[in-house]
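This report describes how two chains are arranged and how they meet. The sequence and structure come first.

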There are 2 protein chains.
Amino acid sequence: MKHASVSEVRDEINSALEQVIAGWQGPRVLVDAMRYSLMAGGKRFRPILVVSASQVVGGGGIDPVPAACAVEMVHTYSLIHDDLPAMDDDDYRRGKPTCHLVFGECLAVLSGDALLTDAFTLIVRSYSSRPELASSLVRELSTAAGSSGMVAGQVLDTDPGAREAEGADLERVHHLKTGALLRACVRMGALIGGASERDVARMDRYGMLLGLAFQVVDDCLDATGDLATLGKDPGSDREAGKVTYVDIMGVDGARDYARSLIDDALDELKDYGERAVALRWLARRVVERTC
Amino acid sequence: MKHASVSEVRDEINSALEQVIAGWQGPRVLVDAMRYSLMAGGKRFRPILVVSASQVVGGGGIDPVPAACAVEMVHTYSLIHDDLPAMDDDDYRRGKPTCHLVFGECLAVLSGDALLTDAFTLIVRSYSSRPELASSLVRELSTAAGSSGMVAGQVLDTDPGAREAEGADLERVHHLKTGALLRACVRMGALIGGASERDVARMDRYGMLLGLAFQVVDDCLDATGDLATLGKDPGSDREAGKVTYVDIMGVDGARDYARSLIDDALDELKDYGERAVALRWLARRVVERTC
């Protein structure tokens, strides 16, 4: 899969998300708020990871796109809630005013809740003919997103006292906040593709390294980017008193560290030949990205 | 099942919830906030419904308690988020200060998010040897809780404009806000018990009528109760400008209406003899309750 095909996958994800939205039967204003954040022009990095990982281990003829959409819904819910005034209090996301600024705080909380919940409905409906797979996918996604995954990361990220109490360093915070969901993406893709335990373990390690690199680069961009390219307020993490990789190792050091992490991630893919072209391209994109 | 055995089931649910909590590995402050709201002394009406419904259709040897705990976690998440300042802005719940007053708004949002997410983890882990059942239970729970269920009800309940735009009357709002989850309880119990489609349909109708009666009685209590017996601020719904059944039919009229709904609900149970003793007792409790 070359760059062109990655963008084809992105288009496919976007069409599939539009179809998912078309099926929602909730109150108009709720659907509008959910749609606003879900279709705000994200890079679709996570769903592309799901699809790409499903190809590495063969494919197996099962469509990875519904699971990919579910992951994007969970990611979007986390952005909406993280941006709330009571949390990071951000005004811009993906280059647009945040959900609570457009729809109010009440609807922002509820549209996040609904995206999270509906993600699980989407999985069990889409894979109803394969209940064992459906059940495994729910387990991967809910474990990655829950109290010992993404939510734990957000708690540690927003609460210095909790960080200290847990003895959690920066790496631990980001493994939870960003890494857990990225790992779930490649694990879910691998499961859909019919991977062996050994393949799932490799995908897991690839996802873990990718997640960490992703966060290191995020810190670099937060220190050096601007609103126009980032689509969110730069410097907001530092303003919020959060420790970043740039604080610890400087911009150049952090970029070097990200590159070494990606080299290790690429190493996990060395046995997969052509089928891992997309995963390799995505790994390189992580260090090359500017937004 | 007599009153005594209903309270035995409640004890069993509470012990099981304590065990679930003991397994949580998130940051201490997050687990504390989740535990605070989950163990704040709720009546456990919903989990008892799950267990009772599983007995009506035979039982089938599968433990309904994990699913019952998952429902209580989803119910508790909805209370935490509904009580937020941006939503109903309530100070008391189950007789104790609300989660955001004790732990702050940020942690209240996140502990609700985690309870919701972890509920799905609990289901797929607990029923992993029965993936088809696990998948169906996730589907019932997520559909009832999501954008066309409980969240939709909360949107309509808090937003008069949305109510008008959707042409949603009071009954519709409560079918979504309270009824959807209560129906899911009895449907989930029936599925665990190995029910036929006909049985599930009857349970569904019982749950729907029970849910509506529950809400009608809630409105009566909100109009006549006090903080000490209710465990939450009385009159808060009316203060928030919400239309209630008491506004439409007065307290006596609303109580009569609740009784007729419960008679219809009991009618759905007439073929189940002794096995429906608990569900009958629960139905009668709905109109007799004072808190």
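The model is predicted: local features need pLDDT of at least 70 and side-chain atom pairs count only at pLDDT 80 or more, while totals for chains, interfaces and linings use all residues. Residues are numbered from 1 along each chain as its sequence is written, and chains are lettered from A and ligands numbered from 1 in the order in which they are written.

Chain B can be laid on chain A by a turn of 180° and a shift of 0.0 Å along the axis, with an RMSD of 0.0 Å. The two copies are thus related as by a two-fold rotation axis; the superposition is by least squares on C-alpha atoms of residues with pLDDT of at least 70 in both copies.

At the interface, 50 residues of chain B are in contact with 50 residues of chain A, where contact means C-beta atoms, placed from the backbone, within 7 Å. The elements of chain B that give two or more residues to this side are α2, α6, α7, α8 and α9; helices are DSSP runs of H or I with at least four residues, numbered from the N terminus. α6(B) gives the most, with 14 residues. Because 100% of the interface residues of chain B are also interface residues in chain A, the copies meet through the same surface.

| Contact of α3(B) with α15(B) | seven residues | two residues | no residues |

Helices α3 (residues 45-56) and α15 (residues 277-288) of chain B pack at an angle of about 145°, their axes 8 Å apart. Axes are fitted to C-alpha atoms over the stretch in contact, and angles run from 0 to 180 degrees between N-to-C directions.

In α7(B), 13 of the 15 residues are buried, so the helix is largely enclosed by the rest of the structure. A residue is buried with 20 or more other C-beta atoms within 10 Å of its own, exposed with 12 or fewer, and partly exposed in between.

The largest nonpolar core has 198 residues, and A213(A) and A213(B) have the most contacts inside it. Such a core joins buried Ala, Val, Leu, Ile, Met, Phe, Trp, Tyr and Cys residues through C-beta atoms within 7 Å.

P160(A) lies in helix α9 of chain A and counts as exposed, with 12 C-beta neighbours inside 10 Å.

Note on methods:
Two residues are in contact if their C-beta atoms, placed from the backbone, lie within 7 Å. Ala, Val, Leu, Ile, Met, Phe, Trp, Tyr, Cys and Pro count as nonpolar, Asp, Glu, Lys and Arg as charged, and the others, Gly among them, as polar.
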